[in-house]
Amino acid sequence: MAPEDTPVAPERRSVTVRRAPKYVPFLILGGLLGVVVAAVIAYGLPGDEGYDANSVFGFFLTFCIAGGAILGAAVALVLDRLSVRRAERAVVESVPDSVPDTDGEDRA
């Protein structure tokens, strides 16, 4: 029996498992919410006749997108903190490859 054919005892490790939110979708959703808020402000509310509604929309768009993205990030951070509290511990063990690599390279 060759030395590489000898069975190796599986290595066990304790890991933490949790569901963490992805931040980019929260930022995008917050930005889209900001676009909706800017549209409501510009086109839904009565305004000054001296300003075009499209100009008002563009002005508020810059601030509302930034505010919505910040709000989305804050929600993601709160959900991330809640997921840390709900984290669970698990024990995993390594499983050796059933088919060894045969590409000729020595991998360590």
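A pocket here is an open set of points on a 1 Å grid over the protein atoms alone, where a 1.4 Å probe fits, with protein on both sides within 12 Å along at least five of seven lines; its lining residues have an atom within 4 Å of a point. The model is predicted, so local features need pLDDT of at least 70 and side-chain atom pairs 80 or more, while totals for chains, interfaces and linings use all residues. Numbering starts from 1 along each chain as its sequence is written, and side-chain values use heavy atoms, without hydrogens and water.

Start by colouring the chain by pLDDT (the predictor's confidence in each residue, from 0 to 100). The mean is 84, and 82% of residues reach 70 or more.

Next, select helices H1 (23-44) and H2 (53-85); helices are DSSP runs of H or I with at least four residues, and strands are E runs of at least two. The H1 and H2 axes come within 6 Å and cross at roughly 145°, with axes fitted to C-alpha atoms over the stretch in contact and angles running from 0 to 180 degrees between N-to-C directions.

Now show the side chains of Tyr43 in H1 and Phe57 in H2, 14 residues apart. Their ring centres lie 5.6 Å apart with planes at 35°, so the pair is tilted (centres within 6.5 Å; under 30 degrees is stacked, over 60 edge-to-face, the rest tilted).

Finally, visit the second largest pocket, with about 160 Å³ of space, the volume filled by probe spheres set on the points. Its lining includes Ile41, Pro46, Asp48, Tyr51 and Val56.

Note on methods:
Phe/Tyr/Trp six-rings, centres within 6.5 Å; stacked < 30°, edge-to-face > 60°.
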